[in-house]
Amino acid sequence: MATDISVTPSQTGPTAPVPGDPPAADGAAAMSGSLALVFSEITLERCRQDSLFGEQNHDIFTWLAILGEEVGEVARAALEARFDQGSPEHLREELVQVAAVAAAMLQCMDRLGPEQFCHR
């Protein structure tokens, strides 16, 4: 039976529980739950990206430009969170987008093969 891992705004954070995780006696299960939550957020973002843009098969340098743009958005969100009353939630969203773009790059590399990915 698969465990449904739904991400809600109230559950985003380093110690958010994940359904099905056993109680943590020593903190190890809590870390596992946090990582499962992070991966579920990245997976949801990848699905959102695919629904918006379809399957993307760029060369490495186009991907690096996309990733660099996303990293720039993280930097901006971090500065806003620190100095302009920006929200930590927005910063988290941007970090998830960076991870999702990196995952999309890996998926593309797997589809195209390393040689074509790097030398197109």
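Guide: Let's start with the surface, where accessible areas come from the Shrake-Rupley method with a 1.4 Å probe. By that method, the protein chain exposes about 7,900 Å², and carbon and sulfur atoms supply 62% of it. Keep in mind that this is a predicted model: local features need pLDDT of at least 70, side-chain atom pairs count only at pLDDT 80 or more, and totals for chains, interfaces and linings use all residues. Residues are numbered from 1 along each chain as its sequence is written, and side-chain values use heavy atoms, with hydrogens and water left out.

The chain has four helices and zero strands (a helix is a DSSP run of H or I with at least four residues, a strand a run of E with at least two, numbered from the N terminus). Of its 120 residues, 26% are buried, meaning under 20% relative accessible area with a 1.4 Å probe, protein chains only.

Now for your pocket. On a 1 Å grid over the protein atoms alone, a pocket is an open set of points where a 1.4 Å probe fits, with protein on both sides within 12 Å along at least five of seven lines. The second largest pocket has a volume of about 230 Å³, the space filled by probe spheres set on the points. Its lining takes in 17 residues, each with an atom within 4 Å of a point. Closest to the centre are Gln49, Phe53, Trp63, Ile66 and Val101. Two or more lining residues come from each of α1 (28-53), α2 (60-83) and α3 (88-112), and α1 gives the largest share, six residues.

Note on methods: Buried < 20%, exposed > 50% of the residue type's maximum accessible area, 1.4 Å probe, protein only.
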